[in-house]
Amino acid sequence: MPTTSFSRRAFLQAAAASAMTATAVARPADVRPGSPNILLILVDDLGNGDLESHGAPDMKTPHLNALMEAGVRLDNFYANCPVCSPTRAALLSGRYPDLAGVPGVIRTHWDNSWGYLREDIDLLPAVLRRAGYHTAMVGKWHLGLEAPNRPWERGFDHFQGFLGDMMDDYYNHRRHGIHYMRKNERAVFPEGHSTDIFSDWAADYIRYQAEAEAPFFLYLAYNAPHTPIEPPDEWLARVKAREPGIADDRAALVALIEHMDDGIGRTVQALKDTGQYDDTMIIFCSDNGGQASAGGTNGPVRGAKQDMYEGGIKVPGCVSWPARIAPAQRRDDPVMTMDFYPTLCGLAGVPFDPRADGVDLAPALWGDGGVDPDRTMIWMRREGGQYGGQDYYAIRRGPWKLVQNSPFETFELFNLAEDPKEAAPVSGNHPMRAELARALREHVLRAGSVPWQRPPGI
């Protein structure tokens, strides 16, 4: 499909060929004037040190560089968890993951699955749909395989993507030999690298919605750069030719990220080609830190994916909206993934679940205020395997952070303003240790009433 111009007839022919059936809908009377389109891009396991804009010396990511410069770069952005599913639950619910019923990774077999998305929460797409948005998701779901917790049952008008937790192969799109690619309820069998497939599907949707009167909410969730680190051959060859001496595992990850960057660029270009770019809010973030064993880097901090140290939870993030947000801004407000829920609902002018734990980022985005620098932020994860189904936690307030990096370790207290690398725990009975422990205990008591598993036959 050409990217330099847009033809309704050409698009409909191409859409029919690819079985694209998203429905463009008329703009309802209750859509708030000035409500933008929303493109929310979530990537998988991208570390805070693995973008050119964030200092990676071996990386070329021009499209993400441009996004970081197009609006507000969030330099103190935190994923809600150091692993996948909980952060995704927080993003769509506005709740802490354990309060959304997803304290750990949802997997394909219930005896190693550590979450069940609460049915009594109106997820973000359902709320935005009430505000007149057409809602779509492309990419990795990872929040349930069965009714009622599939995307088209939780507020998305259109879903094209992967239901499972991870792909064992970027080209055959299977997990444990099972095919999880769907277009709503129907199994689909696209050919090619999943990053290209998701980018094409997202661009198709954007082009189709160009003539709709209703604004759209598109949640684009890549499975890249999650393992297996499997870039297209030509992208890997390009990196190896450009970076002499680069280690094989690092070259593969760099190529996978650069290939994803290209797909994001094509998606954003579809907005520009159809005249929708200025009136689209674009959000970009990662679900957790980079995986060190896969060659990922997380900047000059301690830890990686699965860790409660900064490297596991501090990730890249930015928000742009050319019609409203001035470019080339950087903010240090403490921001979490779950904050996008109240922010976007407020933007649409629609009431949302008052139990939401996230905060509205609008004052920080518009530049007429900010986020409380002393807000309390909590992280937790439940996991099987070597963890034995136990939890571990971190809590931060201002510069103070109390960390338990596994269920079998004691809590450590750090002052991030003085020790950003979490190298020297504060010794003794510092009053912040007791204060943070009390706040964490209150959270654990709240979360203890939330069911998180639904085994067969129970």
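The conversation below sets computed values against the criteria behind the terms.

Visitor: What kind of model is this?

Guide: The model is predicted.

Visitor: How do you know whether H54 is buried or exposed?

Guide: H54 has a relative accessible area of 17%. The limit is under 20%, and H54 therefore counts as buried. Its place is the loop between β1 and α2.

Visitor: What makes up the surroundings of H54, leaving out residues up to four places away in sequence?

Guide: H54 touches N48, G49, M68, R73 and P316. A contact requires heavy atoms within 4.5 Å. As for D75, it is 21 residues from H54 in sequence, and the C-alpha to C-alpha separation is 9.6 Å.

Visitor: What makes the phi of D45 worth noting?

Guide: D45 has a positive phi of about 70° although it is not a glycine. Most residues other than glycine have a negative phi. D45 lies in the loop between β1 (37–43) and α2. At a relative accessible area of 5%, D45 is buried.

Visitor: Where does A328 lie, and why is it called buried or exposed?

Guide: A328 is found in the loop between β12 and β13 (329–331). Exposed means over 50%; A328 has 53% relative accessibility, so it counts as exposed. Phi of A328 is also positive, near 60°, in a residue other than glycine.

Visitor: Which bonds are called cis, and what is omega for each?

Guide: The bond joining A147 and P148 is cis, with omega at about 5°. Another cis peptide bond joins T227 and P228, where omega is about 0°. Most peptide bonds are trans. P148 sits in the loop between β4 (134–140) and β5 (158–162), whereas P228 is in the loop between β10 and α6 (233–242).

Visitor: What makes α9 a mostly covered helix?

Guide: Eight of the nine residues of helix α9 (residues 340–348) are buried. They are F340, Y341, P342, T343, L344, C345, L347 and A348. After α9 comes G349, with a positive phi near 70°.

Visitor: Which residues of α2 are buried, and what do they pack against?

Guide: In helix α2 (residues 62–70), the buried residues are L64, N65, L67, M68 and A70. These pack against β2 (72–74), α7, β11 (280–286) and β12 (317–320).

Visitor: What makes a space a cavity, and how many of 30 Å³ or more are found?

Guide: In a cavity, a 1.4 Å probe fits but cannot get out. A search of the whole structure gives three cavities of 30 Å³ or more. The largest cavity has a volume of about 50 Å³. Its lining includes D45, D50, H226, T227 and Q291. By class, that lining has four nonpolar, six polar and two charged residues.

Visitor: How much space lies in the largest pocket, and which residues are closest to its centre?

Guide: The largest pocket holds about 430 Å³ of space. Of the 22 residues lining it, R107, W110, L145, E146 and R454 are the closest to its centre. The lining of the largest pocket divides into 11 nonpolar, seven polar and four charged residues.

Technical notes
Residues are numbered from 1 along each chain as its sequence is written. This is a predicted model: local features need pLDDT of at least 70, side-chain atom pairs count only at pLDDT 80 or more; totals for chains, interfaces and linings use all residues. Side-chain values use heavy atoms; hydrogens and water are left out. On a 1 Å grid over the protein atoms alone, a cavity is a set of points where a 1.4 Å probe fits but cannot get out, and a pocket is an open set with protein on both sides within 12 Å along at least five of seven lines; lining residues have an atom within 4 Å of a point. Grid points are joined across faces, edges and corners, and a volume is the space filled by probe spheres set on the points. Ala, Val, Leu, Ile, Met, Phe, Trp, Tyr, Cys and Pro count as nonpolar, Asp, Glu, Lys and Arg as charged, and the others, Gly among them, as polar. Buried means under 20% relative accessible area, exposed over 50%, partly exposed in between (1.4 Å probe, protein chains only). Helices (H or I, at least four residues) and strands (E, at least two) are DSSP runs, numbered from the N terminus.
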